[in-house]
Amino acid sequence: MVLGVATWNMDHWKRLHFGGDKDHLAKAWTYALSIPADVLFVQEAVPPPVALQQRVDSSIPAMDRPDLWRIGTSRRWASAIVKTGTALEMAPVHLAPLADRAKGQMAISHPGSFVVAELTGPNLEPITLISAYGLMEDFNPEIGDSYATTTVNRMLSDLTPLLDSKKGRRVVLGGDLNISDQWRPGTRFARWGPAHNATLSRFASLGLTDALRLMVPAERGPLPGCPCGPTMDCRHVRTQRHGNNAAGLPWQNDYFFVGRDLLEMVRRCEPLGEEAAWALSDHCPVVIEIET
Ligand SMILES: [Zn+2]
């Protein structure tokens, strides 16, 4: 079978708080559920409106538990995994807060920032799904900014026992990581850039391959205007418009990583940079197709 997975940052908090459209949630979920995919990873998301919930077969967290679509006490949105069709089965992998976990339980440093599920089906050897978000935390007053490298590295530490296991060979991890190696020396971002490179290297050290980078056609050439230079070997793609500005720097913060056993099965991985998506979020979706 060909398994289709999409990931999308739905931008819920900015749309809610900065003069957003009151119908944004319904529009965003209507669009999200129209993306051709068996499973959808979302970030900065809340459950679909009740009128749209019949289009969803199951979700983690459950749609009737909006209290679980939270990160900490201040963020009333979270990461989630949504399955639309009924042909496949999806079960949550329990994650326990780092300080409270029992022996053998998987830890989560920032509950709500990532979700893990196991996907099975009649013609599908189990695949572990991870919808991930690079939370901006640990504000540094000297530079007036927060870090995603701190939280993404905590997430990778939480996930290490899974990724470094047999199941880790069949992992699909996707989401908005707020991490990028699109920087060059002498620019403002050079202060953080090396830490971002090191963080991306940790994914590789745990056996994960960046499927978006892998699937950029060899003949494409550098991404026009890419803040990495663009260098001749630039393999970046645009997944974000800061300030919803189409003319701004073409930024990539969204990824799909796959485990070793899925690498040869990736048939497609690309951003869906369509205006219907950009009208609803400052991120566009990314899709991956895996032929198992
Ligand atoms: Zn680039």
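Trainee: Why is Trp-251 called buried?
Mentor: Its relative accessible area is 11%. Buried means under 20%, exposed over 50% and partly exposed in between, with a 1.4 Å probe and protein chains only. Trp-251 is therefore buried. This is a predicted model, where local features need pLDDT of at least 70, side-chain atom pairs count only at pLDDT 80 or more, and totals for chains, interfaces and linings use all residues. Residues are numbered from 1 along each chain as its sequence is written, and side-chain values use heavy atoms, without hydrogens and water.

Trainee: How many aromatic pairs does the structure hold?
Mentor: Seven. Rings of Phe, Tyr and Trp (its six-membered ring) pair if their centres lie within 6.5 Å; planes under 30 degrees apart count as stacked, over 60 as edge-to-face and the rest as tilted.

Trainee: What makes Trp-77 and Tyr-133 an edge-to-face pair?
Mentor: Their ring centres are 5.5 Å apart and their planes stand at 85 degrees, so the pair is edge-to-face.

Trainee: Why is Trp-77 counted as buried?
Mentor: Trp-77 has 7% relative accessibility, so it counts as buried. Tyr-133, at 7% relative accessibility, also counts as buried.

Trainee: What makes Phe-189 and Trp-251 an edge-to-face pair?
Mentor: The centres of their rings lie 5.7 Å apart and the planes are at 85 degrees, so this pair is edge-to-face. Phe-189 and Trp-251 are 62 residues apart, and the pair links distant parts of the chain.

Trainee: Which residues do ring pairs link into a cluster?
Mentor: Phe-189, Trp-192 and Trp-251.

Terms used. Helix = DSSP H or I, 4+ residues; strand = E, 2+ residues; numbered from the N terminus.
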